[in-house]
Amino acid sequence: MLRLKKLVKTYKTGDQALKAVDLEVPKGQVLALIGPSGAGKSTLIRCINRLVEPTSGEVWLDDIELTHLGAGALRRARRKMGMIFQEYALVERLTVMENVLSGRLGYVGFWRSLTRRFPQSDVDEAFRLLDRVGLLAMADKRADELSGGQRQRVGIARALIQNPALLLVDEPTASLDPKTSRQIMRLICELCAERGLAAIINIHDVALAQLFVQRVIGLRFGAIEFDGPPDALSPEVLTTIYGEEDWQATIKKDEDAEDDSVEEELA
Amino acid sequence: MSAAATDLDSMLGRRWKRPPLIRRAWLRWTLTLGGLVYLVLAIASVEVNWSRVYEGLDRGAAFIMSFARPDFVSRAGDIWEGLLESLVMTVAASVVGILISIPIGLGAARNIAPLPVYLICRSIVALSRALQEIIVAILLVAIFGFGPLAGFLTLSFATIGFLSKLLAEDIEAMDKTQGEAIRATGARWTQWINYGVQPQVMPRLIGLSMYRLDINFRESAILGLVGAGGIGATLNTAFDRYEFDTAAAILLVIIGIVMLLEYLSGLIRARVR
């Protein structure tokens, strides 16, 4: 469904963030992108929806090549790619509802969005999503009144209301506590399963990634060093991705199966 | 503090000083000394004619004394008329100026405008800021004749330079990820501005607009001196006739209104956050 061919990004400073990356993600697959800081993880997912312009190479979403699209076609393609950010990136002075509805901007004309008269189907869908992430009561609160975990759920709702085929997720848990991190990861993966979405999740926490995803990609210095199932992450593999370190503690399986599910938490 | 010492042991026990702003010692001292010499010479070059100051004290005293008995009554009609003209001029010029400033401010922000648009908008801002109000007013009075039209146009023009520049700088300082998140939804440019940029800069825009309204009113009192209408014209006439008591009344009215505007902008800014 998503195919990257020899994707290269060289920044103006001469830093080569991506070195001819080839990657194929089938429909409905959730994959984690791990690697040290500066390995090019953020650059990779931003090159897919062209928040960062790739230097060369191709990005195919279904049968559309994204890197050469004009402005209008790019906007239509972006509607199919929901993005979730580190630090949430909610527009803080807008209400929760406006933030969620902003996910429909790609579908709605300027004057409708200016006057906030979104189609009723969008508004209903926004309410359904807010209910699904457990924030229905917060719809009219301003985004800066929410806690970190709540903000990230709004971010998730904003991405999903686009009705995307692919989620690009950039460090969703980097600013959250361990418990909220798990809830957010579980929520993202559940929603992907419910809707058959593919997702690329950029994540620092290797153990957390292992818990939830079906496939792991290890990136180092802008090149793919590892591609396989989460169980195959051995100390040797982590050393090739990150460098020498004692990995036993990181990849130890969590035996204490957590029974706090998101739903219970929110009920 | 030799540059070679980089290992920890040799650094320990050493005193540390912040590196000076200008690293080359001779340049640092030359600039400091040069600055001091210039300051002394500049102050020495200002001539003060003390006998003239002594004579002027009387006039100054008369002026200040008239504040004790300002005359609002004998020229009440003129004051009222001038005041009304000033207020109309101020409000109209602020509204028009702000409306024009917003698109120019957007264009003058490097992070959202393409280079050619940026250069054009920055030139407009620079032009507006380079031409001082009084000079513009004299030119416009020459074109449109005496009266508030020239004042209105002058203030609109000056508002553009002020507001566009500060708005553009606020947009350039905004949080990029909030805007990125909106762009990632497939929003068109206008929607991106409306959802990703506008909410971030709105409080500042409102604060600046109120401040500009305040400035425009004060400027309108000055512009009257060169014939551009408003309360300044009334004030000028009062000075010409040596009616210091009426002038005092006008100044008190101006002070009152400026204080009122300050209070009002405080109220509004407290509500918009």
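**Notebook: strands, cores and a chain contact**

I began in chain A, where I looked up how strand β7 (residues 166–170) lies against strand β8 (residues 198–202), and I found that the two pair in the parallel sense over five bridges. I note here that I am reading a predicted model. Taking one residue of this pairing, I looked for the bridge partner of A:Leu167 in β8(A) and found A:Ala199. For background, I reminded myself that strands of a sheet pair through backbone hydrogen bonds, either parallel or antiparallel.

Next I asked myself in what order the strands of the sheet in chain A follow one another. I read the order as β6-β7-β8-β3-β9-β10, an open sheet of six strands with mixed pairing. I then looked for the edge strands, and these are β6 (81–84) and β10 (223–228) of chain A, each of which pairs on one side only. For the twist I wrote down an average of 20° from one strand to the next.

I met A:Ala199 again when I turned to the nonpolar cores: the largest has 115 residues, and A:Val100 and A:Ala199 are those with the most contacts inside it. The largest share of this core comes from helix α7 (residues 148–172) of chain B, which gives 11 residues. I also noted a second, separate core of 11 residues, which includes B:Ile79, B:Ile231, B:Ala249 and B:Val253. As a general point, nonpolar side chains tend to be buried together in soluble globular proteins.

I wanted to know which residues A:Val100 is in contact with once its neighbours within four places in sequence are left aside. My list for A:Val100 reads A:Ala126, A:Leu129, A:Leu130, A:Val154, A:Ala157, A:Arg158 and A:Ile161.

I recorded the crossing of α4(B) and α7(B) as right-handed. Sorted by class, the contact of these two helices has 18 nonpolar, nine polar and one charged residues.

Last, I looked up where the chains touch, and I noted that 19 residues of chain B are in contact with 22 residues of chain A. On the side of chain B, the elements that give two or more residues are α8 (176–183) and α9 (189–223), and α9(B) gives the most, with eight residues. By class, I wrote down seven nonpolar, nine polar and three charged residues for this side of chain B.

Note on methods: Residues are numbered from 1 along each chain as its sequence is written. Chains are lettered from A and ligands numbered from 1 in the order in which they are written. This is a predicted model: local features need pLDDT of at least 70, side-chain atom pairs count only at pLDDT 80 or more; totals for chains, interfaces and linings use all residues. Two residues are in contact if their C-beta atoms, placed from the backbone, lie within 7 Å. Helices (H or I, at least four residues) and strands (E, at least two) are DSSP runs, numbered from the N terminus. Ala, Val, Leu, Ile, Met, Phe, Trp, Tyr, Cys and Pro count as nonpolar, Asp, Glu, Lys and Arg as charged, and the others, Gly among them, as polar. A nonpolar core is a set of buried Ala, Val, Leu, Ile, Met, Phe, Trp, Tyr and Cys residues joined through C-beta atoms within 7 Å. A residue is buried if 20 or more other C-beta atoms lie within 10 Å of its own, exposed if 12 or fewer, and partly exposed in between; C-beta atoms are placed from the backbone. A crossing is left-handed if the near helix is turned anticlockwise from the far one by less than a right angle, and right-handed if clockwise. Two strands pair if DSSP finds at least two bridges between them. Axes are lines fitted to C-alpha atoms, for helices over the stretch in contact, and angles run from 0 to 180 degrees between N-to-C directions.
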